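Hi,

Here is the structure I promised to pass on. My notes on what turned up in it follow below.

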Amino acid sequence: MAAFKTLDDVMVAGKRVLVRVDLNVPMDGGRVTDDTRLRAVAPTIQELAQKGAKTILLAHFGRPKGKRDESQSLKVVVPALEKALMQDVRFADDCVGETAEAAVAKLTPGDVLLLENTRFHAGEEKNDPEFAAALAKLGDVYVNDAFSAAHRAHGSTEGVARLLPSYAGRAMQAELEALQKALAEPERPVVAVVGGAKVSTKLDLLGNLVSKVDYLVIGGGMANTFLAAQGLDVGKSLCEKDLLDTAKEIEAKAKAAGCAIVLPGDARLAMEFKANAVNRVAPVDAIGPEEMMLDVGPDAIAQVAGVFEKAKTLVWNGPFGAFELEPFDEGTVAAARKAAELTEAGKLLSVAGGGDTVAALNHAGVADKFSYVSTAGGAFLEWLEGKELPGVAALTAKAA
Ligand SMILES: Nc1ncnc2c1ncn2[C@@H]1O[C@H](COP(=O)(O)OP(=O)(O)O)[C@@H](O)[C@H]1O
Ligand SMILES: O=C(OP(=O)(O)O)[C@H](O)COP(=O)(O)O
């Protein structure tokens, strides 16, 4: 594994330590519905506080596209973070400039300060050197504990790491070690499940994934785009119409690589995106113009279970449906329980990851039955492809 420095290599007492964490947690009505990512970063923050650092947390939340958007403020996460850390967390409503600088100046050793959503500034996603310098000004040392955001070459994950002495946090260290241990030489057949809603940012990486796995099971919003690429009318389903050619290319690559793509043959349909919406099950070639596929259907669930039975290794990111809304959780819950059962029977090594995927496994009551659960979704898939993650590469470059 690439070498990087860790918290064992730095004296932090009295220093301003900028820590990149991933607080992009599932929320419902202003309430954190799954605190896995908060609990994951707690050991690093607690260690820094105990060692007398002034800890300054950097994080993104949602995708506000470089503009201030109060509906995507990190302030709502503070109570759940305080609970996970068992300590007070201060909040500054900007991550750079006078507001952030004044809040940092008030810190005393042991304090923890959370800065507002880094994505409120366009410089974050552009990895603008001026934005990275404005972040670097706030700290003496940088720690990256956000493996799940390490596939983004952003100001707070990559740019700032190049400007300050940089270290991996405990969660980052643990994720990389665990994934390496579980998946360095996966036993075949390997099945990858990719679902969820981040179709545009995850579709591209499927092209590389098909050469690494024997089955690619596609679910969730991702499946709709593939079905549309095959000429099916997907009604009002979540679908990236401008990515149909990309989906076709991935199917061709899969065929050439000998990877079987598994798409749902039936789906649970509704006209409203809400819990207990009136719904029906139908084949995927019989979707009405006003209907949305919100989950896979029973035939698809049985097919996925059959694929899991043939596999020795499972890697999974992205739910099969809108699992937050009953009864559209059925596909995800059934698949999760099947994978857990096979894992417990010693027949399958199962690794799953992603903010919502972990929430879905918790919802199904089986997160602790998987071989390994990562906080990361997209980053985990890119790691699996063998890609160098910019957030990790920046730490490694510093260590060299
Ligand atoms: N068919 C679907 N239509 C709309 N949304 C869906 C569908 N299937 C899954 N989703 C949504 O996908 C979201 C999770 O996707 P994503 O963010 O890609 O996963 P992760 O956070 O695990 O990486 C969930 O909020 C879920 O409601
Ligand atoms: O939730 C995240 O990723 P995931 O959905 O792949 O688990 C990370 O916080 C990255 O967010 P992004 O995909 O908006 O860059």
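Predicted model: local features only at pLDDT ≥ 70, side-chain atom pairs only at ≥ 80, totals over all residues.

Axes are lines fitted to C-alpha atoms, for helices over the stretch in contact, with angles running from 0 to 180 degrees between N-to-C directions. Helices (H or I, at least four residues) and strands (E, at least two) are DSSP runs, numbered from the N terminus.

Residues are numbered from 1 along each chain as its sequence is written, and chains are lettered from A and ligands numbered from 1 in the order in which they are written.

**Helix packing**

Helix α1 (residues 36–50) meets helix α2 (residues 78–85) with the axes coming within 9 Å and crossing at roughly 60°, so α1 and α2 are oblique to each other. On the α1 side the contact (C-beta atoms, placed from the backbone, within 7 Å) uses Leu-38, Arg-39, Ala-42, Ile-45 and Gln-46, and on the α2 side Ala-80, Leu-81, Ala-84 and Leu-85. That makes seven nonpolar, one polar and one charged residues. Here Ala, Val, Leu, Ile, Met, Phe, Trp, Tyr, Cys and Pro count as nonpolar, Asp, Glu, Lys and Arg as charged, and the others, Gly among them, as polar.

α9 and helix α10 (residues 244–257) pack at about 85° with their axes 8 Å apart, and are therefore roughly perpendicular to each other. Thr-225, Phe-226, Ala-228 and Ala-229 of α9 touch Leu-244, Ala-247 and Lys-248 of α10. The class count for this contact is five nonpolar, one polar and one charged.

**Domains and ligands**

The protein splits into domain 1 (7–172 + 389–399) and domain 2 (185–369), with bounds that come from an automatic or database domain assignment. Their C-alpha centres lie 32 Å apart. Seven residues from domain 1 and five residues from domain 2 make the contact; the domain 1 side has two nonpolar, three polar and two charged residues.

Where does ligand 2 lie relative to domain 1 and domain 2? Both domains give residues to the shell around ligand 2, so ligand 2 lies between them. Of the 13 residues around ligand 2, the nearest are Asn-24, Gly-354, Gly-355, Gly-377 and Gly-378 (a residue is near if its C-beta atom, placed from the backbone, lies within 6 Å). By class, the shell around ligand 2 has two nonpolar, seven polar and four charged residues.

Ligand 1 has 20 residues around it, with Gly-196, Ala-197, Gly-220, Gly-354 and Gly-377 coming nearest. At least two residues each come from α9 (220–229), β14 (292–296) and α13 (355–364), and α13 gives the most, with three. The shell around ligand 1 divides into six nonpolar, eleven polar and three charged residues.

Most residues other than glycine have a negative phi, and most peptide bonds are trans.

- Arg-188 and Pro-189 are joined by a cis peptide bond, omega about 0°; Pro-189 is in the loop between α7 (170–183) and β9 (190–194).
- Glu-326 to Pro-327 is also cis, with omega near 5°, and Pro-327 sits in the loop between β15 (313–317) and α12 (330–344).
- Met-86 has a positive phi of about 55° although it is not a glycine; Met-86 is in the loop between α2 and β5 (90–92).

Cheers

Methods. Parallel < 35°, antiparallel > 145°, perpendicular 65-115°, else oblique. Contact = placed C-beta atoms within 7 Å.
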